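Hi there,

Here is the structure I promised to send over, with the sequence alongside. Have a look at it first, and then read on for my notes.

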Amino acid sequence: MEICPDIRTVRLNRKYGINAGLTKQINNSGKLFLYADYFMQSGSRLAQAGVLYTYNLDAISDGSNWSITGGAVVRLKDAVIPVIKLNSDKLCIGLSYDIN
């Protein structure tokens, strides 16, 4: 009995992806981000689009660059995904949940 198949026989189909995005500064403390993705691999297709708003927290911080982002992504024929993120200069922590 073979526990691990020969790794040389594993082949993945090519994956193609197209994406686009647009960021618009709304005012000194906020910007809007729109984006869309489309992926194809073998017989599978995935399309999603989202809108996110980022609010700059610099006015209340200690001089570091902090912001908070919220929005939603729609995966066509599948899910709505609310998103919230806390961003700094070097780190971003986010939370999202797929609602089917």
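Serine 42 counts as exposed because its relative accessibility is 52% (exposed means over 50% relative accessible area, buried under 20%, and partly exposed in between, with a 1.4 Å probe and protein chains only). The loop that holds serine 42 runs between strand S2 (30-41) and strand S3 (44-56). Although serine 42 is not a glycine, its phi is positive, at about 55°. Most residues other than glycine have a negative phi.

A word on the source: this is a predicted model, in which local features need pLDDT of at least 70 and side-chain atom pairs count only at pLDDT 80 or more, while totals for chains, interfaces and linings use all residues. Residues are numbered from 1 along each chain as its sequence is written, and side-chain values use heavy atoms, with hydrogens and water left out.

Now the overall picture. The protein has 6 strands and 0 helices (both are DSSP runs numbered from the N terminus: H or I of at least four residues for helices, E of at least two for strands). Read from the N terminus, the order of elements is β-β-β-β-β-β. Of the 100 residues, 17% count as buried. The protein exposes about 8100 Å², and carbon and sulfur atoms supply 59% of that (areas come from the Shrake-Rupley method with a 1.4 Å probe; for residues, only the protein chains shown count as cover). Among contacts (heavy atoms within 4.5 Å) between residues at least 6 apart in sequence, 19% join residues at least 24 apart.

Next, the hairpins. Strand S4 (residues 67-75) and strand S5 (residues 79-87) run antiparallel and are joined by 9 bridges (strands pair if DSSP finds at least two bridges between them). Arginine 75 stands opposite alanine 79 in S5. This hairpin has 3 residues between its strands. Lysine 77 lies in that loop between S4 and S5, and its phi is near 60°, a positive value in a residue other than glycine. Lysine 77 counts as exposed because its relative accessibility is 92%.

S5 also pairs with strand S6 (residues 92-96), again in the antiparallel sense, over 5 bridges. That hairpin has 4 residues between S5 and S6. Isoleucine 84 has leucine 95 in S6 as its bridge partner.

What lies inside? The largest nonpolar core has 6 residues: Tyr35, Leu52, Val73, Ala79, Ile81 and Val83 (a core is a set of buried Ala, Val, Leu, Ile, Met, Phe, Trp, Tyr and Cys residues joined through side-chain atoms within 4.5 Å). S5 gives the most to this core, with 3 residues. Not counting residues up to four places away in sequence, valine 73 touches Tyr35, Gln48, Ala49, Gly50, Ala79, Val80, Ile81 and Val83.

Finally, the surface. Ile26, Tyr53, Tyr55, Trp66, Ile68, Ile84, Leu86 and Leu95 make a nonpolar patch of about 720 Å² (patch residues have over 30% relative accessible area and no salt bridge; nonpolar side chains, namely Val, Leu, Ile, Met, Phe, Trp and Tyr, are joined within 5 Å, and like charges within 9 Å; a salt bridge is a side-chain nitrogen of Lys or Arg within 4 Å of a carboxyl oxygen of Asp or Glu). S3 and S5 each supply at least two residues of this patch. Isoleucine 68 lies in strand S4, and it counts as partly exposed because its relative accessibility is 35%.

Best wishes
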